[in-house]
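Please look over the sequence and the structure shown here.

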Amino acid sequence: MPKKLFIDPATERKSGLITFKSIPVNQYQKSIEEEKKNYSNNDLIRIYRDMAIIREFEIMLNKIKTTNEYNGISYNHPGPAHLSIGQEASAVGMAYNLSVEDLIFGSHRSHGEILAKGLSAIHHLGEDALKTIMAGYMDGKTLSVVEKHQKGSEKDLAIDYLLYGTLAEIFARETGFNKGLGGSMHAFFPPFGIYPNNAIVGGSGDIAVGAALFKQVNKKPGIVVANIGDASMGCGPVWEGMVFSSMDQFRNLWEDDYKGGLPILFNFMNNQYGMGGQTRGETMGYDMLARVGAGVNPEQMHAERIDGYNPLAVIEAFKRKKKLLEAGKGPVLLDTLTYRYSGHSPSDASSYRSKEELDAWMKEDSLKHYEYQLINAGVVSSDQINQIKNQVIEMITHITRLATDDEISPRMNLARQPEIIGSMMFSNESVTRMEEGEPVVNHKLDENPRVKQIKRKERFGLDKNGKPISKIKTYQLRDGIFEAIIDRFYKDPTLIAYGEENREWGGAFAVYRGLTEALPYHRLFNSPISEGAIVGTAIGYGMCGGRVIPEIMYCDFLGRTGDEVFNQLPKWQAMSGNILKMPVVVRVSVGSKYGAQHSQDWSSLVAHIPGLKVVFPATPYDAKGLMNAALQGTDPVIFFESQRIYDIGEFFHKPGVPEEYYEIPIGEPDIKREGNDITILTIGATLYKAIEAAHVLDEKYNMQAEVIDARSLVPFNYVPVLDSVRKTGKILLVSDASSRGSYLKEMASTITELAFDDLDAPPVVIGSRNWIIPAHELETYFFPQVHWILDAIHHKIIPLKGHVAIEDLSDDTLISTMSKGV
């Protein structure tokens, strides 16, 4: 089904020039006097107060980090504190006009942005709404601390609540906004539109785009702001996020109310440094960061440099850019000029910059300069300024005393509840649809051509005589995945899917064939070849409340998603104290025939990472049931699929794959062939080699092998395997992953530990060679084969009478190959 777009060679081959528009730089020049018609005195004073609160909060943290004391309160904080002293105007200006529907994402240096957005939310919300939020969040645990010590108004209470919840989180207290599990670099508070800050530089660059995608697809109000540093311009997630956010299809192919640019603003808090590297003049080549917008789309991302030392300049710019985003003209890039007085962290002596430079910027200090302007314009008196300062110091001192008191603000008691963090790694919820509503589809499910075609297929792979049915007539593994996915598209209005070639081809391996006809563009679309952003945007989409299926075309491409899969996707549920959910199912296709960079099984790498569920079905029945379970859940699932068996029929589950909905619990292995003499545990496509080997063992050696298909790697229920080993006394484990570091080694170790007395011989693991994967014509020398299984049993477990081994599996050979690193 071709696209509506036509690439005309006559047009493409014309000569011409690409032209660029001018990019504004620090254009705001208004005085306080001129702005009085736009702000009341109270507004202007509130801006100052918010800046003063952030400054004192960070001064407090700096003193505690460097002297272990603040205003008579002794405390040792060994954890991180990346401070933004000097950047207060940028933070307050950014947040001033944002509502709670507007979301911000941040970096490791985002305390100021958290407080600025929170203070803005408190100003905009009514007292009843504030009361509801505070009482409802974490069952009022944070509120119960501050309300005992605050006798002022509901707004005063809310400010204390914001400051305390943030500081308690930084100090790892259970009463913090994320139960102390996020800490300084990951704190957030969704009810105020404060979404996760990110310890990985640039980590929010693609996640925030996913949040904007969620708003666009689900017609939610508000914009999304990614507050990231200037050094993050060198990071993949930022570049991929900007490219993803500026896709032409949002304007050209998406239809009706879904058409238009994503409501995302990349706000680069340009404090001139990344660690000790000076971005302008040393580690970057853009000269001025705003220039980068010109290379992304014809609108140049509406890029602009603004003076982040003037809060009113930032407010004015954000007001304009927000209108652009609300009109569907995103994305937007702002280069917000600012400066941090402190080092990268309190341990940083700032030896990479001169005292003259630091003094020059401190002479321009935004807080002092704005204070001077307010007094000079008659908005406030010096006495009033001093009163605000004293109130702020008193407020921060009070909050610090509460947050450092072990009785008032305890940490999680892991001695009494040693499994409490473990219990938060997964939410384990069962949710049919993430939101109520009617899913947007193009036709009824039973009218879909692929659905009609599948109805004519044989749902069991053998005929009545036990002979295989031709593949063209057989319900295949790819059909099982398709049935589960299209069913969910007709149930969950939030569900979307995307990746490289997901639409017109029906997916690279025909799993999605039929979805193009069923779904409009905003629910199924092609992404850029940006694997990091494919997963990163899915994370943002999921944490905002949507269900999403990002696809990684080849398992080998997981390397491009390293941070997103290993550092982001698995962690946010637990770091939020289970406040966030992550209904993200990442489809990963394990290749074959395409050599060293397109045929690797990296399931072991993913299974090593806590916080991910990992499945690898090998039959149509299991593929459908496990995909149903994954899409019913609220946890991140890496769903491996082998390209070797997409066209395999169902040979185990009689009478075949049910048409109706069913789930297979993730973590439950399945006995595919019963036996009493040896257990063979398989992962993925090696199930079929094991079945072949079992037939040979039966026919030639009178051994009955029990073949168990793991189906899942994480979680994994060992009981059926242990029961089998108790019966057979022997076990061999096999998968296509390279043997060194294979997850099978972990499973073998666990089985040895749990079934030591039942074993007649140590468990034996068979994996692929520790080589590069050769060409298709040589693959039989790389991936496990039937004779490998037989030879391993013969050499390592029990001699097979009359068996002539092909492989040399002697101890000397093993020691030799290991010594060579292969």
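Predicted model: local features only at pLDDT ≥ 70, side-chain atom pairs only at ≥ 80, totals over all residues.

Residues are numbered from 1 along each chain as its sequence is written, and side-chain values use heavy atoms, with hydrogens and water left out.

Rolling a probe the size of a water molecule over the atoms shows where empty space is left. A pocket here is an open set of points on a 1 Å grid over the protein atoms alone, where a 1.4 Å probe fits, with protein on both sides within 12 Å along at least five of seven lines; lining residues have an atom within 4 Å of a point. A volume is the space filled by probe spheres set on the points, which are joined across faces, edges and corners.

The largest pocket holds about 710 Å³ of space. It is lined by 24 residues, and Ser739, Val765, Arg769, Leu809 and Leu814 are the closest to its centre. Strand 21 (764-768), helix 28 (786-797) and helix 29 (811-819) each supply at least two lining residues; helices (H or I, at least four residues) and strands (E, at least two) are DSSP runs, numbered from the N terminus. With five residues, strand 21 gives the most to this lining. The lining divides into 12 nonpolar, seven polar and five charged residues, where Ala, Val, Leu, Ile, Met, Phe, Trp, Tyr, Cys and Pro count as nonpolar, Asp, Glu, Lys and Arg as charged, and the others, Gly among them, as polar.

The second largest pocket has a volume of about 560 Å³. Of its 16 lining residues, Arg49, Asp156, Ile159, Gln391 and Met395 are the closest to the centre. Two or more lining residues come from each of helix 3 (41-67), helix 8 (154-170) and helix 16 (382-403). Helix 16 gives the most, with six residues.

How is strand 21 placed in the structure? Four of its five residues are buried, so strand 21 is largely enclosed by the rest of the structure. Buried means under 20% relative accessible area, exposed over 50%, and partly exposed in between (1.4 Å probe, protein chains only). Strand 21 pairs with strand 20 (residues 731-738) in the parallel sense, over four bridges; two strands pair if DSSP finds at least two bridges between them. Leu732 stands opposite Val764 of strand 21. From strand 20 the chain passes through helix 27 (residues 743-755) to strand 21 in a right-handed β-α-β crossover, meaning that, with the strands pointing away from the viewer, the path from the first strand over the helix to the second runs clockwise.

Ser738 lies in strand 20 and is partly exposed, at 27% relative accessibility. Leaving aside neighbours within four places in sequence, Ser738 is in contact (heavy atoms within 4.5 Å) with Ser768, Arg769, Asn770 and Phe782. Ser603, in helix 23 (residues 603-607), is buried at 2%.

Met275 is not a glycine but has a positive phi of about 55°, and Met275 is exposed at 51% relative accessibility.
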